[in-house]
Amino acid sequence: MASSISVSGVVVQRGGRPVLHGIDLEVAAGEVTGLLGPSGSGKTTLLRTIVGLQRPHTGGVQVLGRPAGHARLRSEIGYMTQSPSVYGDLTAAGNLRHHAALHRRGRQTVADVLAAVGLAELAQRPVETLSGGERSRVSLGCALVARPRLLLLDEPTVGLDPVLRRDLWALFRRQARDEGVTVLVSSHVMDEADRCDRLVLLREGRVVATGTPEGLRGVTGAGAMEEVFLRLIENIPNDVAL
Ligand SMILES: Nc1ncnc2c1ncn2[C@@H]1O[C@H](COP(=O)(O)OP(=O)(O)O)[C@@H](O)[C@H]1O
Ligand SMILES: [Mg+2]
C-alpha cells in the first residue's frame, strides 16, 4: 500500500531538549492509523511536524509526495488541533462556512458535515455557548469541510460520551473506506486501538511498535491494548514492525 506520510529520522527539539528522538514512520493511504501514547509522549509534536508547523532538527517528512509544510498541501490536509481552534462569536455553521469558503466548498458540504459530526441541531448557536465536546466537534467539522485527502486529528474523541465516540470513529472509518482519505488519529485512550486498521505506539518521543491491533496482540500474547503496550515496553527494547 502506498504511503501518504513518510517520516524518516525525525528529531524535534522543544525548549532546548529533544522531544522526538528519531522517528521513522510510514502511514498507509486510505487507512485509519491510530497514534497512541500517554500524555507527553509526543503525539501533538509529531502531528505538528507532519503539518509543517514544527520544523525537525534533523530528518524529513514527506506528505502526499511533497515536503511537509508545502503550500500545495494546505488544501489537502485537514488538521484538527488538540484545543479546538474555532471562532467563539460565530455560530457552528458560520465556522464551517468560513472554512468551506477558503477551500471552495458549497453549502451542501457544510450541511453534510454538520450532520456527520452531530451538530445539525446546534448549527445556529454561537460556538461560545457550546460545551467543550460540542466545540471540539465544530473544530472537527472545520477539518472535514475542506474534503481533504489527509485528516490529522489530535485526540478528537477525548471527553465525548460513548455514543458520540462510536459515531465519530464510524465517521473516520467511512472517510477512509468510502472516500479513500488517509486518517491519522491520536489518542491516549488505549481502548480506542481496535477502531484502527493500524497502530503506532509512541512513548517518550520514540515509536515503541507499529502494527495491526491483532498483530500486536499476537506478538505479545496480551488481550487488552493497555497490556499489549506494557508488554512491548517491558520485553522489547527496540522498535518492532509487524
Ligand atoms: N512549547 C514547548 N516547550 C517545551 N517543551 C514542550 C513544548 N511543547 C511540548 N513540549 C514537551 O514535548 C513533549 C511532548 O509533548 P506533546 O507532543 O504535547 O505530547 P502529547 O501530545 O503526546 O501529550 C512533552 O515532554 C512536553 O512537555
Ligand atoms: Mg497532545
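This is a predicted model: local features need pLDDT of at least 70, side-chain atom pairs count only at pLDDT 80 or more; totals for chains, interfaces and linings use all residues.
Residues are numbered from 1 along each chain as its sequence is written, while chains are lettered from A and ligands numbered from 1 in the order in which they are written.

| Pair | Angle | Axis distance |
|---|---|---|
| α6 (residues 213-220), α7 (residues 225-235) | about 55° | 10 Å |
| α2 (residues 92-102), α3 (residues 107-116) | about 130° | 10 Å |

Axes are lines fitted to C-alpha atoms over the stretch in contact, and angles run from 0 to 180 degrees between N-to-C directions. Helices are DSSP runs (H or I, at least four residues).

α2 passes α3 in a right-handed crossing. Ala92, Ala93, Leu96, Arg97 and Ala100 of α2 touch Thr109, Val110, Val113 and Leu114 of α3 (C-beta atoms, placed from the backbone, within 7 Å). This contact has seven nonpolar, one polar and one charged residues.

The crossing of α6 with α7 is left-handed. From α6, Pro213, Leu216, Arg217 and Thr220 meet Met225, Val228, Arg231 and Leu232 of α7.

Ligand 1 has a shell that includes Arg14, Val19, Lys43, Thr44 and Thr45. Helix α1 (residues 43-51) gives the largest share, three residues.

Conventions:
Helices (H or I, at least four residues) and strands (E, at least two) are DSSP runs, numbered from the N terminus. A crossing is left-handed if the near helix is turned anticlockwise from the far one by less than a right angle, and right-handed if clockwise. Two residues are in contact if their C-beta atoms, placed from the backbone, lie within 7 Å. A residue is near a molecule or strand if its C-beta atom, placed from the backbone, lies within 6 Å of it. Ala, Val, Leu, Ile, Met, Phe, Trp, Tyr, Cys and Pro count as nonpolar, Asp, Glu, Lys and Arg as charged, and the others, Gly among them, as polar.
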